[in-house]
Amino acid sequence: MRKRLFDLLSDYAQSGMQPFHMPGHKRRNFDYLIGADLDITEIPGFDDLHDPSEILKESQTFAAAVFGAKQAFYLINGSTCGILAALYTVCNKGDPVLMARNCHLSVYNGVELLSLEPTYIYPVFDMQHGIYTSVTPQSVEAALQNCPDAAALVLTSPTYDGVTSDLPAICRLAHAHDVRVIVDAAHGAHFGFDAYFPQAAVASGADIVITSLHKTLPSLTGTALALLNDPGLGQSFMHSLSIFETSSPSYPMLASIDGCVHLIQEHGSVLFSKWADNLRAFRNDAKQLVHIQVLEENEISGAFGYDPGKLLLFCAGMPGRELYAQLRARGIEPEMYGANYVLAMTSPADDAESFSALLQVLFDIDKRCNTKMRKSDSLYLPAGEKARGVYAAMRSAYTCVGIAAARGKISAEYIYAYPPGIPAVVPGERITDAVLLYITAAEQCGIKFRHSISIINEIAVTE
């Protein structure tokens, strides 16, 4: 078995070589620096991420084999730089593209940078639980018929909440129309390594899959992979990465990616099997809860599939913000909350004790739950009303106005909550009564928007 990059860095740190090169900490561990002894630059023996020919080339080839792709590229600017590079690779400026309306903000940023003309595909919305579910093959087929010149189709699967779409069927449809498929699978890096979890997006036939190791696997924040099924895109994709990914990559982050891939290859079957067993036991025990619901796949309207590693928690009559606060007060730190639910994310690093701790807290909240509390409604994001292109809207002259004066105007900025980073309003969309009601209701539920009413109490608009 080849040595991990971490092992090579550790050996070098003990070599006695004096660093008269970047970075400026000189591998000395100042009290505010973590892992400085392993933080180097592209010195001999450690390759160049943007022109790999040695250890990093070998490591990325290894990752491609482990994840079942033709090529793999290491990303240390997160999935965001991979999404931007993917769009830059397959699209020309001004191209029409098809994209799911629940795509992450990074996709919209790519649309803006390339002045693309998006046609939105709306996923099914589960009104009872207040979440986007799957994009259907039927909606994709209709969009392909209406936009035959599309350069790419961009989907998010799984969603932040864990819902997947029928990617094999969708990819077949898109490829039949000669349309490239980019999948934002940031939350699905663990797929395909155990039958308990859904099929990996890269196995669906998508041309480019972007996935974040750090979200659901043991890897440092900001580490991700770009997985390509078409090696013919490799050279162009590498050029695109040179634009959107730093030219000074972090070796501790690269070692984190390499180590995570090694972990999966060497111990993945045991790790994922234990994780699956813990999830099964947790979900089975959680069925005894009276007022709190741990959402199951068969309870989600319009879902093609679901990641059981995502725990969507609902409590009868309790807003998501309050359930979130009660969990935190008892030592549980969830990922996020929506209007009427809390999302708790799990990974193979969660052991039986972790799940037991969460379950005990849920039972404690459950027995104290007052079902007579006011009903907590889900929020439905209304369809956008496009009036101008994103690029043009962002560069139009604008005036800042209060919310009362925003009705009927065209937005010159994104209005979005983070997480999940899905725009409620996209530049160029009209700010309708339905949108204003949604934003107001969401803020009343404690959801904070960026560049929106709660921050500046104004919305940038252009007539």
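This is a predicted model: local features need pLDDT of at least 70, side-chain atom pairs count only at pLDDT 80 or more; totals for chains, interfaces and linings use all residues.
Author: Residues are numbered from 1 along each chain as its sequence is written, and side-chain values use heavy atoms, with hydrogens and water left out.

Reader: Why is K26 called partly exposed?

Author: Partly exposed covers the range between buried (under 20% relative accessible area) and exposed (over 50%), with a 1.4 Å probe and protein chains only. K26 has 31% relative accessibility, so it counts as partly exposed.

Reader: What makes D178 count as exposed or buried?

Author: Its relative accessibility is 71%, so D178 counts as exposed.

Reader: What is the phi of K26, and what is that of D178?

Author: K26 has a positive phi near 55°, and D178 one of about 60°. Most residues other than glycine have a negative phi.

Reader: Where does D178 lie?

Author: D178 is in the loop between α6 (167-176) and β8 (180-184). Helices (H or I, at least four residues) and strands (E, at least two) are DSSP runs, numbered from the N terminus.

Reader: How do you know that the peptide bond from S157 to P158 is cis?

Author: Its omega is near 5°. P158 sits in the loop between β6 (152-156) and β7 (163-164). Another cis bond joins Y418 and P419, with omega about -5°. P419 is in the loop between β18 (415-417) and β19 (422-425). Most peptide bonds are trans.

Reader: Which strands form the open sheet, and in what order?

Author: Seven strands form it, in the order β1-β10-β9-β8-β6-β2-β3, with mixed pairing. Two strands pair if DSSP finds at least two bridges between them.

Reader: Why do β1 and β3 stand at the edges?

Author: β1 (71-75) and β3 (117-121) each have a single partner strand, so one side of each has no neighbour in the sheet. The twist averages 20° from one strand to the next.

Reader: What makes β8 and β9 a pair?

Author: β8 and β9 (residues 208-212) are joined by three bridges in the parallel sense, against the required at least two. D184 stands opposite I210 in β9.

Reader: Which strands does helix α4 lie across?

Author: Helix α4 (residues 105-113) lies across β2 (96-100), β3 and β6, running at about 170° to β2. Contact means heavy atoms within 4.5 Å. Axes are lines fitted to C-alpha atoms, for helices over the stretch in contact, and angles run from 0 to 180 degrees between N-to-C directions.
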